[in-house]
Amino acid sequence: MELIIGIIIALVVGVTGTFLYFKHNNKRMLKKMEEEAELVKKNNLIEVKEKFIALKSEYEQQVQQRNAKLQASEVKLQQREMQLNQRQGELQRKINEIESMRENLESQFTATENRKKELEHLIRQAQEQLETISGLSTDQAKEQLIESLKEEAKTEAMSYVNDIMDEAKMTANKEAQKIIIQTIQRVATETAIENSVTVFHIESDEMKGRIIGREGRNIRALEAATGVEIIVDDTPEAIVLSAFDPVRREIARLSLHQLVADGRIHPARIEEVVNKVRKQLEDEIIEVGKRTTIDLGIHGLHPELIRLIGKMKYRSSYGQNLLQHARETANLCAIMAAELGLNPKKAKRAGLLHDIGKVPDDEPELPHAILGMKLAEKYKEKPDICNAIGAHHDEIEMETLIAPIVQVCDAISGARPGARREIVEAYIKRLKDLEEVALSYPGVVKTYAIQAGRELRVIVGADKMDDKEAELLSMDIAKRIQDEMTYPGQIKITVIRETRAVSYAK
């Protein structure tokens with residue numbers, strides 16, 4: 001029993017000691033934690049104070065900057081106010097000056113009106129005195145003066161016009177000739193002569209019989225299918241194809257070539273080959289048009305215009321191949337436009353298309369320039385291109401600088417040596433017409449067309465007209481020839497007036 005009591009007492013003492021130990025440790029830990037909390041509190045207070053000081057310093061800087069800006073704005077406002085005051089003063093001074101000038105002008109105007117009335121009064125008095133002295137009214141005197149000055153004014157005006165024309169020629173001809181010569185030198189093309197017949201060569205005369213066929217049925221079928229007259233005569237190893245249309249002659253030539261090479265020649269085969277060749281030639285025409293536009297660097301043309309360009313290959317004008325002429329004109333236009341500071345691409349496009357009116361499918365009764373212009377408008381070409389096409393033979397008025405360039409280059413391409421040839425009868429008739437036009441004027445004694453029709457010399461009687469009338473005659477003849485005749489290039493009209501004194505020594 002005592003043992004148990006001793007154990008209990010020992011346990012109680014142990015527990016009490018442990019409790020006291022933990023209690024002492026807790027107090028010490030609480031004190032330590034309180035010290036740490038106090039330290040954290042102090043540190044936080046220090047950080048807060050530092051942040052407050054930094055924010056306060058930043059705010060003070062912002063306030064100072066705003067104050068500086070406000071001061072600068074105040075200075076600017078003061079300066080502007082001073083400037084406005086100065087301008088207001090200047091404006092007031094100018095207003096005062098204008099007012100004074102207006103008053104001076106009003107006074108001068110009043111004085112001028114008074115002076116004008118005085119002068120009118122003096123003029124009326126002088127006119128009355130002159131009418132009294134001369135016995136003529138003012139209107140009668142004016143009429144006499146006008147009549148007396150008419151002839152003199154006409155003569156002086158003609159002389160003045162001639163002087164201006166001579167001066168313009170002296171200054172402009174050299175530059176124009178320089179540009180034209182440089183342009184011509186930079187474009188060199190071959191001359192192509194088209195005839196109305198094509199000679200088809202065969203290996204032997206035996207083939208002529210097969211081409212003619214039994215009772216001529218093959219040659220009749222070929223002529224009906226192609227529209228070409230086929231002449232088989234005694235010419236050795238040759239057959240002549242005759243037609244005014246080069247396209248038909250080419251179709252007939254190619255068809256004959258295929259028929260002779262194949263050996264099967266009969267009406268059904270002839271029609272088949274001709275239709276096939278016609279389709280091939282149409283494709284070739286389109287290909288030629290495309291190749292031409294690519295060579296010249298012209299893009300965006302309507303397919304129908306490209307086809308018409310290719311068709312030019314089988315057309316000729318005065319013996320000059322039309323496609324060759326169009327290409328040459330296009331190159332000339334581009335070079336001349338570049339020399340003059342214009343758009344060379346537009347000029348080249350207009351030069352290529354200027355003669356498309358010569359190769360339409362229906363060929364209506366219109367001048368080819370007007371027809372070409374309508375075709376260009378139909379296929380959405382630009383207005384300046386259409387105007388250049390329509391005006392290159394003066395059928396319509398020129399509206400852009402490209403139009404005279406196309407006209408000049410067309411003339412250069414057609415009039416250069418070897419480019420064209422005329423039928424002898426038409427050439428002789430043109431020379432006779434030239435001489436007859438000049439002979440129809442009164443006072444003309446003789447006329448001579450020389451230099452292959454490039455110059456017309458007119459001899460007038462010295463007793464029938466004076467020098468001024470001779471000048472007028474040359475201009476009238478030139479205008480009439482230009483209006484009534486068609487000719488390549490230009491024609492020079494020279495009027496010769498001379499006096500001859502003849503005596504004999506015996």
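**Around H354 and helix α9**

Let's start with H354, which sits in the loop between α9 and α10 (368-378). Keep in mind that this is a predicted model. H354 has a relative accessible area of 0%, and the cut-off for buried is under 20%, so H354 counts as buried.

What does H354 touch in there? Leaving aside residues up to four places away in sequence, its contacts are H325, A326, T329, H368, I389, H392, V406 and D410. With H325 there is also a polar contact between the two side chains, at 3.2 Å.

G351 takes us back into α9, where it is one of the buried residues, along with A347, K348, R349, A350, L352 and L353. That makes seven of the 10 residues in this helix (residues 344-353), which is why α9 is largely enclosed by the rest of the structure. Over at the start of α9, a side-chain oxygen of N343 comes to within 3.0 Å of the backbone nitrogen of K345.

K345 also leads us to the second largest pocket, as K345 is among the residues nearest its centre, together with I298, H299, K346 and R349. The lining of this pocket has 13 residues in total, and α9 gives the most to it, with four. Sorted by class, that lining comes out as seven charged, three polar and three nonpolar residues. As for the space inside, the second largest pocket holds about 240 Å³.

Methods:
Residues numbered from 1 in each chain as written. Predicted model: local features only at pLDDT ≥ 70, side-chain atom pairs only at ≥ 80, totals over all residues. Heavy atoms only, no water. Buried < 20%, exposed > 50% of the residue type's maximum accessible area, 1.4 Å probe, protein only. Helix = DSSP H or I, 4+ residues; strand = E, 2+ residues; numbered from the N terminus. Polar contact = N/O pair within 3.5 Å; in protein donor to acceptor, adjacent residues only side chain to side chain. 1 Å grid on protein atoms, 1.4 Å probe; cavity = no way out; pocket = protein on both sides within 12 Å on 5 of 7 lines; lining within 4 Å. Points joined across faces, edges and corners; volume = space filled by probe spheres on them. Nonpolar A, V, L, I, M, F, W, Y, C, P; charged D, E, K, R; others polar. Contact = heavy atoms within 4.5 Å.
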